[in-house]
Every structure is written in structure tokens, then in C-alpha cells.
Amino acid sequence: MTLLKSRFEQVINQIHKAEKTCQREGEVRLLAVSKTKPADKVREACALGQREFGESYLQEALVKVQALADIDDIVWHFIGPIQSNKTRDIASHFHWVHSVDRLKIARRLNDQRPADLPPLNICLQVNISGEASKSGVSMDELEELVKAVSELPNLSLRGLMAIPARAENKEQQRIPLRALKQALDNLNKSLGLTMDTLSMGMTDDLEAAVEEGSTMVRIGTALFGART
Ligand SMILES: *Cc1c(COP(=O)(O)O)cnc(C)c1O
């Protein structure tokens, strides 16, 4: 068995186990974060059955999108910070964007989404730990952004994403994760929406994230090893 295969099996097992402890079997999708890893690694992961990949750096991602264009059911997720001059390529080449945190970027993605493609799936990134230096919309401004983005016709607002601050232990990890889940539920209720995606959980907080309601975990290191 290859190292990549055993790592995938380990992570998938970890997800299944966590789903089981909270009776959420089959509810969590694995997004394999392949940033900094070459296209052949992604192809190797495809051979193991993985189809959803997360990328943070546009130029690097576009090389891989092109290199793997023969795999027609591959799903590309953009999860990195977005500058205005990058929106056209993101809108053209990705299926999902998890890191939208302001209306200007959402409008550009909406306007630049090619007409022959289905709406672009969007998660809004929330600065859930309230860190001054971090990207993400603040909790205070979230509702207004959700309302505005949900009305853009070429975007499909699927849910919320967060990268919580580092925590000491599992109980500390739960606090922001639970807050994000609560925010999603509250917004769906108060605005009459059906957002179905909670993009949370990375290598270090996968279990807590699943137990707190994640529907998509974004895993890099545990699958592909440390980034150089
Ligand atoms: C790199 C990255 C990940 C993966 O993190 P790991 O700790 O390596 O699993 C997940 N989400 C985002 C937004 C990232 O940039």
C-alpha cells in the first residue's frame, strides 16, 4: 500500500468514527487540500477515489486544473484569500469558493461566472474567533452579507466557512465551531434560507468539527504530509 493510500484510509476512518459518535453517518464530505502539492499527487489521490480538492494559490491551482482536465468529475474548491484581480479566473475554473468575505468580491464572481456554467457554489468565510489580523466577515456584518450574496443569480450560497484560532484542546476547539453552526442555523431560520454547508475542520480539529456539525472538512497535512 502506498503512503498516500494509507493516509487517505486513516483520515476517512477518522471521519467515519467521528460521524458515528454523534449519529451523523455519511454527512461529512472530505475536501482534500492539495495546495503546494504537484498535479501527480492529485492524480494519485483521484486514483484512490477522491474527487474534491481545495487550493489556496491561484496560479499554482490553474496549472493543476489544466493538468487534470481529463478527469471530468473532479471538483475544484478555492479556499485562499481572494484579490479582485483574481476573480475572473476563479469564476471560470472552480466549482466552489469558500473564502468570500466581502460583497465586492461576491459581485465580481457573480458578474464573471461564465454563462454556460451552473451557479458558482459559495461559502462565506467568517472571522469566527474575532482575530484582528484574520480574513473573514465579522459576526456583526455576516447577516447583511448573507442577504446580499443570496440574491446574486450566478452564485449559489451554500453556507459558511471558518478557520478558527489555534486552541489548546478539544473542548476549546469546540467553542468557535459551535458558534459557526449556530450562526448557520440562525441565518437559515431568520432569512428563510436553505444553506446546507458548514466548511470547518482541518487536520488538527477534524474530530471536534465533525462532532459540532461540519459537513465538509478541509484536510491537507494528514493526507499529503507537511507542506514545504
Ligand atoms: C491549508 C488549509 C487547510 C488544510 O490545513 P491542514 O491543517 O493542513 O489540514 C484547510 N483550510 C484552509 C483554508 C487552508 O488554507
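Is Phe-94 buried or exposed, and what is its relative accessible area? Phe-94 is buried, at 2% (buried: under 20% relative accessible area, exposed: over 50%, partly exposed in between; 1.4 Å probe, protein chains only).

The model is predicted: local features need pLDDT of at least 70, side-chain atom pairs count only at pLDDT 80 or more, and totals for chains, interfaces and linings use all residues. Residues are numbered from 1 along each chain as its sequence is written, and side-chain values use heavy atoms, without hydrogens and water.

View 1. Strand E6 spans residues 155-161 (strands, E, at least two residues, and helices, H or I, at least four, are DSSP runs numbered from the N terminus). Six of its seven residues are buried, so E6 is largely enclosed by the rest of the structure. Six bridges join E6 to E5 (residues 120-125), in parallel; strands pair if DSSP finds at least two bridges between them. Three bridges join E6 to E7 (residues 197-199), also parallel. Met-161 is the bridge partner of Gln-125 and stands opposite Ser-199 in E7.

**View 2. The Phe-8 and Phe-224 pair.** The structure holds three aromatic pairs (ring centres of Phe, Tyr and Trp, its six-membered ring, within 6.5 Å; planes under 30 degrees apart are stacked, over 60 edge-to-face, the rest tilted). Phe-8 and Phe-224 have ring centres 6.1 Å apart and planes at 85°, so this pair is edge-to-face. Both residues are buried.

**View 3. The Phe-78 and Phe-94 pair.** Here the centres of Phe-78 and Phe-94 lie 5.3 Å apart with planes at 85°, so the pair is edge-to-face. Phe-78 is buried at 1% relative accessibility.
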